[in-house]
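Q: I'm new to this one and would like to go through it slowly. Could you start with the terms and then move on to the details?

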Amino acid sequence: MLSCLRFLLEELERLKTRKREIEKELEDFVPKDSLIFTIPGIGKTLGCIILARVGDVRRFSDKKRFVAYCGLDPVVESSGKSVSRGISKRGDAVLRRAFYLAALTAIKVNPVIKRFYEEHKGRLKGRKLITACARKLAVITWAVLYYNKPFDASE
């Protein structure tokens, strides 16, 4: 029992070390002055993941196509009298998760997302509200990368 616990603790430490090594490798691939890092809420790891999954953002002619690629485009499904609203989930699941996680931070530190969150708090609840913030963050990311301009909260 004790040797099994010792082995698990050593394995956990090894995985933590490997995680730090992978994060360092990611940082080496992406330029530190990339404009995605000017967006509050998108840190080093999530920024690298987003850039790696998206590639050249110019291949998306408008924000709707980018949001759909990220799997964050809204959809309305109806059957008989019931109507449900949500996201399509047809896009990249990794990108969807990355923007969702970034939105959790952006709600606290990004003035645009924070304002959006406060305005929609009465209408949406829980995950739907955070997903709406993630979609907004994806639109901001597309604009920053497509127009090659740093994030500006006043615009």
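A: A residue is called buried under 20% relative accessible area, exposed over 50% and partly exposed in between, using a 1.4 Å probe and protein chains only. This is a predicted model, in which local features need pLDDT of at least 70 and side-chain atom pairs count only at pLDDT 80 or more, while totals for chains, interfaces and linings use all residues. Residues are numbered from 1 along each chain as its sequence is written, and side-chain values use heavy atoms, with hydrogens and water left out.

Q: OK, how many salt bridges are there?

A: The count comes to eight salt bridges, where a salt bridge means a side-chain nitrogen of Lys or Arg within 4 Å of a carboxyl oxygen of Asp or Glu. Side chains of opposite charge can pair when their charged atoms come close.

Q: Which residue does Arg-14 pair with?

A: Arg-14 pairs with Glu-11 in a salt bridge, with 2.6 Å from N to O. The two are three residues apart in helix 1 (residues 2-29), so about one helical turn separates Arg-14 from Glu-11; helices here are DSSP runs of H or I with at least four residues, strands are runs of E with at least two, and both are numbered from the N terminus.

Q: What about Arg-53, which partner does it have?

A: Arg-53 forms a salt bridge with Asp-92, at 3.0 Å from N to O. Arg-53 lies in helix 2 (residues 44-54) and Asp-92 in the loop between strand 2 (82-87) and helix 4 (93-109), so this pair ties together parts that are 39 residues apart in sequence. Arg-53 is partly exposed, with a relative accessible area of 37%, whereas Asp-92 counts as buried at 12%.

Q: Changing topic, what volume does the largest pocket have?

A: The largest pocket has a volume of about 690 Å³. On a 1 Å grid over the protein atoms alone, a pocket is an open set of points where a 1.4 Å probe fits, with protein on both sides within 12 Å along at least five of seven lines, and lining residues have an atom within 4 Å of a point. Grid points are joined across faces, edges and corners, and the volume is the space filled by probe spheres set on the points.

Q: Which residues lie nearest its centre?

A: Of the 24 residues that line the largest pocket, Gly-86, Ile-87, Lys-128, Thr-131 and Ala-132 lie nearest its centre. The elements giving two or more residues to this lining are strand 1 (74-79), strand 2, helix 4, helix 5 (111-120) and helix 6 (126-147), and helix 6 supplies the largest share, seven residues.
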